[in-house]
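Visitor: I would like to learn how to read a model of this kind, one feature after another. Could you take me through it slowly?

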Amino acid sequence: MNVPAAPVLGCRDTPVIRERGQHEVFCGLTGIIWLHRKIQDAFFLVVGSRTCAHLLQSAAGVMIFAEPRFGTAILEEKDLAGLADANAELDREVARLLARRPDIRQLFLVGSCPSEVIKLDLAKAADRLSAAHAPHVRVLNYSGSGIETTFTQGEDACLAAMVPVLPATQARELLLVGALPDVVEDQALALLADLGIGPVRCLPARRSDALPAIGPQTRYILVQPFLGDTDAALQRRGAQPIRAPFPFGEEGTTAWLAAIAAAWGVPADRFEAVTAAPRARARRAVAAVAATLKGKRITFLPDSQLEIPLARFLARECGMIPVEVATPFLHREIHGPDLDLLPAGPRLVEGQDVERQLDRLRADRPDLTVCGLGLANPLEAEGLATKWAIELVFTPVHLYDQAGDLAALFARPLRRRALLHREAAE
Ligand code: SF4
C-alpha cells in the first residue's frame, strides 16, 4: 500500500519548548459557528454575558433565511452578584425556547467564563432539563469558556459530552470523529465505500436519529487533531483508535485512508485502484500552487491545534521550511504520526507566552506567519505576511479534492505581499 516514507529524521523526538504565559486566542464558543451548521437538529444555548453574545453574533453573522440554532441566555449583573436564582431563570428560558422550537432535538448548554466564575452547575442543569423535556429533547452541557483554552476546544468539549450518552453496540463499525463540512464528509464516505469499508458512522451525526453507537468493536479515526478529550472519552467506552497522519494534502489523505484500509484488510490493489485518480488530481492541484510556497519560511503561532499536520503538509508537499511550529497542546499519541513525517528542523513549542514568541518571530522574520486574528494586523504592520489560523477551520481543507485549496490558502498572502512590494517599487 502506498504509505508515505518517513524522513531520515522526523520530529517525534525533537525536544519541545513548553511555555505558559499570556495567550492570544479565541474561546471555545467559536466552535458553535461550525457545529450549529453541522448538527441540524441541535441548539446551542450559551449561558454567558453580553460579551459572549457579541462574540457569537459578530463571528457567526446573522442568519436571514433560517431560524438561528444558537443563542445566549444572558447572565445579568444581579445573577453574577448571586442576587437571582440563575437556575430558575435558565429553566424558564429553556422551556420558552423548546415550546417555540419543536424542531430542536438536542440542546447544548454551553458554559462560559461568567457561568464558570459564578460556579453555575450546568451539568446538574442539563440532567434536570433532560428529565423535564425527555424523550423529545436531550440536554447536554459543555464548557466553551476562554479560561485556559483555545477555540477548537469547543468542538472537542461538545463531542466529548456526547460520547457517554451514545448507545452501546457490539457491531464492528468505523467511526469518523470530528465535524467536517457535509460535502467533505460525503467525499470521505464515498472513498471508504469504494474501498469496501463499512458500516461507517460519523460523530457528530447530522441529526440525532443518526447518532452512532459505541462498543469494543468500534474502531474510530479522528479527522481533526484537536479532539484529545473526545479521544479519551471514546477509549473509556472501549472503542479502539486508528492512528494516522491527518488527511491534509495528498500524502496525509493517502496515509489516513491506508491506516483504515489496513485495519479493514483491504487488498493493496483495490486501495491503489480507488485512490490512484484522486491522488493524481490532488498532486496536480498542489503542484499548481507549490511554486509560490517552495523555499518560503513559515512560523505557526499556537492557535488552532492544526499546526503540526499542516506544517507536515507544507514542508513535504509544498517545499516550505517550518521555522517554529507552536501548538496550544501537543498530544503525543494523536500528533505522533504527523511528527514522524515532519522533517527535523523546526522548533516545536507547546503552549504560549505571547511576548517571547513575538520576540522569536521578529528575530526569525519568516516569509509567512500563521496566527490569530488579534496578532495578524500588528504583524502585517511590521512587514510580516500573515495567515489567519481561524480560516483553516472555516474552509473545507481535508481530503484529496481540497488539497489544492489548502495550499492556495497559504499562497494567497505571499502573492498579495509580492504584489504590494512590486507596486511600491514601481
Ligand atoms: S466565554 Fe469568556 S472569552 Fe468567550 S466570549 Fe464569553 S467571556 Fe469572552
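Visitor: Into which domains is the protein chain divided?

Guide: This is a predicted model, in which local features need pLDDT of at least 70 and side-chain atom pairs count only at pLDDT 80 or more, while totals for chains, interfaces and linings use all residues. Residues are numbered from 1 along each chain as its sequence is written. Domain bounds come from an automatic or database domain assignment, and here they give domain 1 (16–23 + 276–425), domain 2 (28–149) and domain 3 (174–263).

Visitor: How many residues does the contact take from domain 1 and from domain 3?

Guide: Two residues are in contact if their C-beta atoms, placed from the backbone, lie within 7 Å. The centres of domain 1 and domain 3, taken over C-alpha atoms, are separated by 25 Å, and the contact takes 31 residues from domain 1 and 24 residues from domain 3.

Visitor: What is the order of the strands in the open sheet?

Guide: Strands (E, at least two residues) are DSSP runs numbered from the N terminus, and two of them pair if DSSP finds at least two bridges between them. The 4 strands follow the order S7-S6-S8-S9 with parallel pairing. Strand S7 (200–203) and strand S9 (240–241) stand at the edges with a single partner strand each, so one side of each lacks a neighbour in the sheet.

Visitor: Is Arg207 buried, exposed or partly exposed?

Guide: A residue is buried if 20 or more other C-beta atoms lie within 10 Å of its own, exposed if 12 or fewer, and partly exposed in between. Arg207, in the loop between S7 and S8, counts as partly exposed because it has 13 C-beta neighbours inside 10 Å.
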